[in-house]
Amino acid sequence: QLHNTSPTGETSWTVCKQPDPVPAGPRWTVCDEPEPEEPLWCRHANSFLYSYAGPSYNSLEEAQRACLANTQCNGITQEPYNRNRYTQRRGPQLHNTSPTGETSWTVCKQPDPVPAGPRWCRHANS
């Protein structure tokens, strides 16, 4: 039996009730709170990637989302000479000396692949 309140704040995991066979998709299903499954981005000061791969954005987060959805994009370069816009870049080679003081971001780690098996539900404070 799952209790929805823990006096010491434990988190419990149970196998979610799923029809057999388990449909394709994530093995871990968060039932009560989201857990991000996004890649880790690395910041590279004074660097740039060659060639534009798509539109530019006002925020790093917008540019990163667009880059992940764009097969031509291998990173983001912030352009201080262009109102600090964040531009999708093809690269893929990172150039570690920027004559204009640009900063770039590349994906350093992708999320681990989802293993096959039952889906699990996370129950915080249970």
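These legends go with a set of close-up views of one predicted model.

Before we start, residues are numbered from 1 along each chain as its sequence is written, and side-chain values use heavy atoms, with hydrogens and water left out. As the model is predicted, local features need pLDDT of at least 70 and side-chain atom pairs count only at pLDDT 80 or more, while totals for chains, interfaces and linings use all residues.

**View 1. Five strands make an open sheet.**
Follow the order S3-S9-S6-S7-S5 and you'll find antiparallel pairing. Strands are DSSP runs of E, at least two residues long, and helices are runs of H or I, at least four long, numbered from the N terminus. Two strands pair if DSSP finds at least two bridges between them. Out at the edges sit strand S3 (40-44) and strand S5 (52-57), each pairing on one side only. From one strand to the next, the twist averages 25°; axes here are lines fitted to C-alpha atoms, for helices over the stretch in contact, and angles run from 0 to 180 degrees between N-to-C directions.

**View 2. Strand S6 meets strand S9.**
Residues 75-79 (S6) and residues 103-109 (S9) run antiparallel, joined by three bridges. Look for Gln-78, which has Thr-103 of S9 standing opposite. As a reminder, strands of a sheet pair through backbone hydrogen bonds, either parallel or antiparallel.

**View 3. Cys-42 and Cys-108 form a disulfide.**
A disulfide is counted when a pair of cysteine sulfur atoms lies within 2.5 Å, and that rule gives two of them in this model. Here the sulfur atoms are 1.6 Å apart. Cys-42 belongs to strand S3 and Cys-108 to strand S9, so the pair ties together parts that are 66 residues apart in sequence. The S-S torsion of Cys-42 and Cys-108 is about 120°, so this disulfide is right-handed. Both count as partly exposed, Cys-42 at 26% relative accessibility and Cys-108 at 35%. (Buried means under 20% relative accessible area, exposed over 50%, and partly exposed in between, with a 1.4 Å probe and protein chains only.)

With a torsion of about -100° about the S-S bond of Cys-67 and Cys-73, the disulfide is left-handed. Cys-67 is buried at 5% relative accessibility, and Cys-73 is buried at 9%.

**View 4. Arg-65 sits in helix H1.**
This helix covers residues 60-69. Arg-65 is exposed, with a relative accessible area of 54%. Arg-65 and Glu-38 are 27 residues apart in sequence, and their C-alpha atoms are 9.7 Å apart in space.
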